[in-house]
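Open the model in your viewer and keep the selection tool at hand. The tour moves from one selection to the next and says what is there.

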Amino acid sequence: MLTGRTYVVNSPDLITAIQRAPKAFSFDPIITSVSERVSIPSKHGIDAVRYHPNGENGQWGITHDTISAMRATLTPGAILDGMNEKMLANVSAMLDGLDCEGGMVVNLFAWARHTITRASTDAFFGPLNPFKPPEIEEAFWTMEDNLTMILLNIAPAITTPKAHRAREACFRAFISYFNNNGTDDASALVKVRHENNTKYGISVEDRAHFEVSNVFGILVNTAPATFWTICHIYSSPLLLEDIRKEVADILRTETRPDGSGPVRTIEITKLKTACPLLLSTFQEVLRVTTHGVSVRWVVEDTMLADRYLLKKDSIIQMPSAVIHADTAVWGPSAKAFDPRRFMKTPQNGDEQAKRHPAAFRAFGGGLTLCPGRHFATTEVVAVVAMLVLRYDITPLEGGSEGAWVLPRQDTNNVGTSVLPPVSDIKVRITRREGWEGGKWAFTRSEEAAKFALSSG
């Protein structure tokens with residue numbers, strides 16, 4: 001039972017100490033409680049996820065086994081490369097859909113949500129992807145938009161009927177997916193979850209319920225991160241020009257023998273290693289838009305750093321936004337957006353060297369460091385890289401046409417770390433002059449590479 005105590009920790013040194021003591025300061029009771037409220041599994045399902053999450057008496061349960069297996073599939077290497085290839089093919093196809101005479105008018109955040117949803121879920125769930133029907137995609141985001149009431153879990157059919165119906169629709173879609181053996185052609189990530197569910201005797205209904213909860217980790221931060229990265233780049237003409245030059249330098253263009261137009265390919269390995277400004281911009285976007293709070297449960301009375309006694313059954317909160325705005329960590333420009341902050345340059349080399357490794361909280365830290373950070377980064381950076389080369393984007397609202405007015409973040413949203421906007425931006429997306437026609441694609445060399453990400 002909670003004692004009512006909550007400890008708020010802003011010090012990177014203390015955060016590191018907390019992360020190094022996962023058995024004393026555990027995330028498992030938190031994620032288990034959230035999963036139960038979102039997934040509403042059966043009693044057997046609840047008992048399974050609660051069984052020895054911390055390796056009590058040397059025994060581990062489904063929670064530990066599944067998370068460990070998922071980390072293995074999401075670590076840079078051949079397995080992740082396979083999932084990335086499918087995702088990148090989907091991204092390229094989604095961007096092809098913007099290529100039309102006279103341009104296309106879209107609501108930018110809605111477009112980012114749809115693009116990330118389809119590109120990711122097709123790559124993970126395979127040909128029988130439950131999110132292919134538009135109504136299931138819409139149902140998921142309806143549920144996410146109303147997650148506060150879902151988490152309260154007080155008669156949801158009455159207190160939040162729209163979100164309740166949306167969640168039930170998602171459950172039914174995944175039950176159908178499992179009954180039709182959708183995992184046979186799914187990604188390694190989905191297969192290892194399925195295998196662990198089988199090992200622990202989880203029913204089809206509970207698998208479907210748990211999978212809906214898992215989708216939150218795939219989508220809810222990547223979509224707003226994509227939106228904000230696009231906004232920050234396109235709203236700064238000089239930054240847009242510099243990033244276009246950077247990406248154009250790694251573009252390979254070939255002429256097709258039939259004269260039907262050029263083939264333009266972006267080599268994903270070079271995108272990881274030769275586009276430092278794009279990657280720095282993405283990380284700076286995460287720094288200024290991440291408002292998540294890392295939470296831990298105090299398992300037993302524990303002295304933190306030999307100075308602070310933290311009492312059993314209390315909660316620890318580590319707020320990202322406070323740490324990301326701390327001038328003692330990030331310097332006097334902490335509250336400003338600096339797209340070059342994470343670049344290794346002589347100008348900021350000393351500042352980077354002094355920066356505490358736990359100060360960047362966009363992906364969490366310690367044992368709970370986001371296992372999907374490499375997949376998500378590849379996806380966002382790929383979308384933005386191809387978008388900036390192919391298209392111009394012009395805002396149509398918020399002032400005179402062409403003037404960017406970025407919306408505020410929705411601080412009431414509890415489902416994401418990267419907060420979505422409170423309102424969308426209507427924009428016109430048009431082909432760039434001189435970049436029309438031809439075929440666009442991503443390629444990957446055999447050379448191993450990963451994004452140089454800051455992490456706590």
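Start with helix 16 (residues 276–289). Select Glu 284 and Arg 287, which both lie in this helix, 3 residues apart, about one turn of the helix. Helices (H or I, at least four residues) and strands (E, at least two) are DSSP runs, numbered from the N terminus. Glu 284 and Arg 287 form a salt bridge, with their closest N and O atoms 2.8 Å apart. The term means a side-chain nitrogen of Lys or Arg within 4 Å of a carboxyl oxygen of Asp or Glu. Both Glu 284 and Arg 287 are buried. Buried is under 20% relative accessible area, exposed is over 50%, and partly exposed is in between (1.4 Å probe, protein chains only).

A note on the ground rules. This is a predicted model, with residues numbered from 1 along each chain as its sequence is written. Local features need pLDDT of at least 70 and side-chain atom pairs count only at pLDDT 80 or more, while totals for chains, interfaces and linings use all residues; side-chain values use heavy atoms, with hydrogens and water left out.

Now colour by pLDDT, the predictor's confidence in each residue, from 0 to 100. The protein has a mean of 90, and 93% of its residues reach 70 or more. Among its elements, helix 13 (residues 222–234) has the highest mean, 98. Helix 19 (residues 349–354) has the lowest, 64.

Back to charged pairs: the count comes to 20 salt bridges. Select Lys 199 and Asp 65, whose side chains meet in one of them (3.2 Å, N to O). This pair links distant parts of the chain, 134 residues apart. Lys 199 sits in helix 11 (residues 188–199), Asp 65 in helix 4 (residues 62–74). Which partner is exposed? Lys 199 is, at 58% relative accessible area. Asp 65 is buried, at 17%.

Next, select Glu 101 and Arg 431. Their salt bridge has its closest N and O atoms 3.2 Å apart. Glu 101 is exposed, at 71%, whereas Arg 431 is partly exposed, at 30%.

Select helix 5. Its 19 residues reach 27 Å from first C-alpha to last, close to the 27 Å expected. The expected span is 1.5 Å times one less than the number of residues. Its buried residues include Leu 80, Met 87, Val 91 and Leu 95.

Move to the largest nonpolar core, of 103 residues. A core is a set of buried Ala, Val, Leu, Ile, Met, Phe, Trp, Tyr and Cys residues joined through side-chain atoms within 4.5 Å. Trp 111, Phe 140 and Leu 387 are among the members touching the most others. Helix 20 (residues 373–390) gives the largest share, 11 residues. A second, separate core has 13 residues, including Ile 18 and Leu 304.

Last stop: Ala 163, in helix 10 (residues 161–179). Buried or exposed? Ala 163 is buried, at 0% relative accessibility. Beyond its neighbours within four places in sequence, Ala 163 is in contact (heavy atoms within 4.5 Å) with Thr 142, Met 143, Asn 146 and Ile 150.
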